[in-house]
Amino acid sequence: MDFDFAFALKIIPRVLEGAGNTILVAVLSFFGATLLGFFWEMLRRSHKLVRPVTQFAIDAIRSTPALVQIYFLFFVLPYYGIVLPALFVGVFGLSFYYSGYISEVFKAGIDAIPAGQSEAALSLGLGRLDTMLFVVAPQMLRNIAAPLGSYSIGILKSTPLLAVIAVPEMLGSALDVASDTYRYAEPMFVAGILFLILALIAAFLVAALERRLGVLSTSH
């Protein structure tokens with residue numbers, strides 16, 4: 001079967017029907033993964049008895065494929081009476097999976113700040129919360145901007161995994177077209193190009209944020 005460019009152009013609107021959900025899932029999952037990742041890192045820096053348990057949890061998250069975690073949430077939990085909406089499973093599944101990686105980003109970002117700065121802030125009378133907010137956090141954000149941006153693009157490229165649980169994102173829309181027309185090359189090609197465009201836009205925004213943070217760091 002020959003590739004039909006006219007057909008590929010014709011189906012773009014149908015594949016784009018899933019673009020809204022793709023972007024929504026990617027954005028929510030990124031913020032969810034960032035919050036969970038920060039939570040894991042704060043746990044890891046808490047009581048010494050909690051640290052090994054937290055480290056084991058982070059390693060377990062990172063060592064298990066995202067698709068397995070999503071399958072477990074969507075297909076296994078119902079056996080125990082827990083039925084979750086597909087969109088919620090998709091967002092939570094990606095957030096949970098990437099939180100293990102983003103916790104390492106926070107760890108590296110905080111460890112890169114000299115401990116003497118926090119000690120100096122505390123000695124000057126700043127509380128621990130103020131020290132974290134006004135001394136540690138601004139420097140940490142500059143340190144983690146680039147890797148967080150990379151993971152945001154990674155989350156975007158992972159949204160096609162949710163097609164297996166019928167979340168209507170772009171790959172799901174492309175598969176619907178393929179099942180209706182029995183043509184797979186064109187829908188997959190269109191979905192790939194659209195994902196490439198979204199990833200390039202995300203990469204441009206991340207680079208702009210890095211430049212902005214770089215200007216702010218040099219101006220101070």
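Okay, let's start with a pair: arginine 62 and glutamate 104 meet through their side chains in a salt bridge, 3.6 Å from N to O. By salt bridge I mean a side-chain nitrogen of Lys or Arg within 4 Å of a carboxyl oxygen of Asp or Glu. This one links distant parts of the chain, with arginine 62 in helix H4 (residues 51-63) and glutamate 104 in helix H6, 42 residues apart. Helices here are DSSP runs of H or I, at least four residues, numbered from the N terminus.

Quick housekeeping. This is a predicted model, so local features need pLDDT of at least 70 and side-chain atom pairs count only at pLDDT 80 or more, while totals for chains, interfaces and linings use all residues. Residues are numbered from 1 along each chain as its sequence is written, and side-chain values use heavy atoms, with hydrogens and water left out.

How about accessibility? I call a residue buried under 20% relative accessible area, exposed over 50%, and partly exposed in between, using a 1.4 Å probe and protein chains only. Arginine 44 is buried at 8%, glutamate 104 is partly exposed at 24%, and arginine 62 is partly exposed too, at 31%.

Next along, arginine 45 forms a salt bridge with glutamate 41, and their closest N and O atoms are 2.5 Å apart. Arginine 45 is partly exposed at 35%, whereas glutamate 41 is buried, with a relative accessible area of 1%.

Now zoom out. Glu41, Arg44, Arg45, Arg62, Glu104, Lys107 and Asp111 are linked in a network of salt bridges. Searching the whole structure turns up eight salt bridges.

Last stop, threonine 34, which is in helix H3 (residues 19-44). Is threonine 34 buried or exposed? Buried, with a relative accessible area of 16%. A polar atom of its side chain lies 2.8 Å from the backbone oxygen of phenylalanine 30. And if you leave aside neighbours within four places in sequence, threonine 34 is in contact with Ile102, Phe106 and Leu148, where contact means heavy atoms within 4.5 Å.

That's my tour, thanks.

Terms used. Helix = DSSP H or I, 4+ residues; strand = E, 2+ residues; numbered from the N terminus. Polar contact = N/O pair within 3.5 Å; in protein donor to acceptor, adjacent residues only side chain to side chain.
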